[in-house]
Amino acid sequence: MTQKVAVLGTGKIGEALLSGVIRAGWTPADLLVTARRQERAEELRTRYGVTPVSNAEAAKTADTLILTVKPQDMGTLLDELAPHVPADRLVISGAAGIPTAYFEERLAPGTPVVRVMTNTPALVDEAMSVISAGTHATADHLAHTEEIFGAVGKTLRVPESQQDACTALSGSGPAYFFYLVEAMTDAGILLGLPRDKAHDLIVQSAIGAATMLRDSGEHPVKLRENVTSPAGTTINAIRELENHGVRAALIAALEAARDRSRALATGNNS
């Protein structure tokens, strides 16, 4: 790697990116970080050998800026960066809901911006990162972004108009699975199992089911039918899920997440 990359606002996702690209062979000397607290910056230096800098210094010296602050903090960060970011810098935003136009309006004319929605499995190199180009981003910019985020999982290019939907499905998606595992664990306890055994049963079942979905090429309906014997245990459980409107509730939940992503784009943080 010959370019310098700066991660600004290095929280959990930013740190996951750092560790991932270093494991992929990138040189820590080429990686810059910024953090709100000095002790956090020094912690990253000690742990990874990267260089802590100010936001302004990152903007002046890095070839690629990855902005990982929360959506409500992005305006303040851009106000700080704008005087220092040349138009040839690649700016990658990881903030939910904020369109590339928001950045293009606040940075130098022609600045290439790429929007990315990743998720917390980046911490274990199993992220799903969805990538969209802004007005001035080229194929090379997209490829460079894929190289970075590919270090912590899979990547997918989509039109920016689909980003809010992707945020609802994959950006927030891990939380839905954690919620389901939590509920199933409680059910296992109710059925008489110790919590640790219920947890292990559910987690391995989830891993196995996900692997089958990924590797079999079968439609999920087909895979479900393979488990669902006539008048058996599974069909009785599915009937109760349908009776309680679980499918409709999931669709409504995803619509709510998409709508919240759209609201963030308008600056509605309440």
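In what order do the eight strands of the open sheet run? I read β3-β2-β1-β4-β5-β6-β7-β8, with mixed pairing. Strands here are DSSP runs of E, at least two residues, and helices are runs of H or I, at least four residues, both numbered from the N terminus. Two strands pair if DSSP finds at least two bridges between them.

I note that this is a predicted model, with pLDDT of at least 70 needed for local features and 80 or more for side-chain atom pairs, while totals for chains, interfaces and linings use all residues. Residues count from 1 along each chain as its sequence is written, and side-chain values use heavy atoms, without hydrogens and water.

Strand β8 pairs with β7 (residues 127–133) in the parallel sense over five bridges. I found Thr-155 in β8 as the bridge partner of Ser-129.

I get 83% helix and 0% strand over residues 160–263, with the end C-alpha atoms 16 Å apart.

**Helix pair.** I then checked α7 (residues 163–171) against α12 (residues 246–265): they pack at about 130°, axes 8 Å apart. Axes are lines fitted to C-alpha atoms over the stretch in contact, and angles run from 0 to 180 degrees between N-to-C directions. That makes α7 oblique to α12 (under 35 degrees is roughly parallel, over 145 roughly antiparallel, 65 to 115 roughly perpendicular, the rest oblique).
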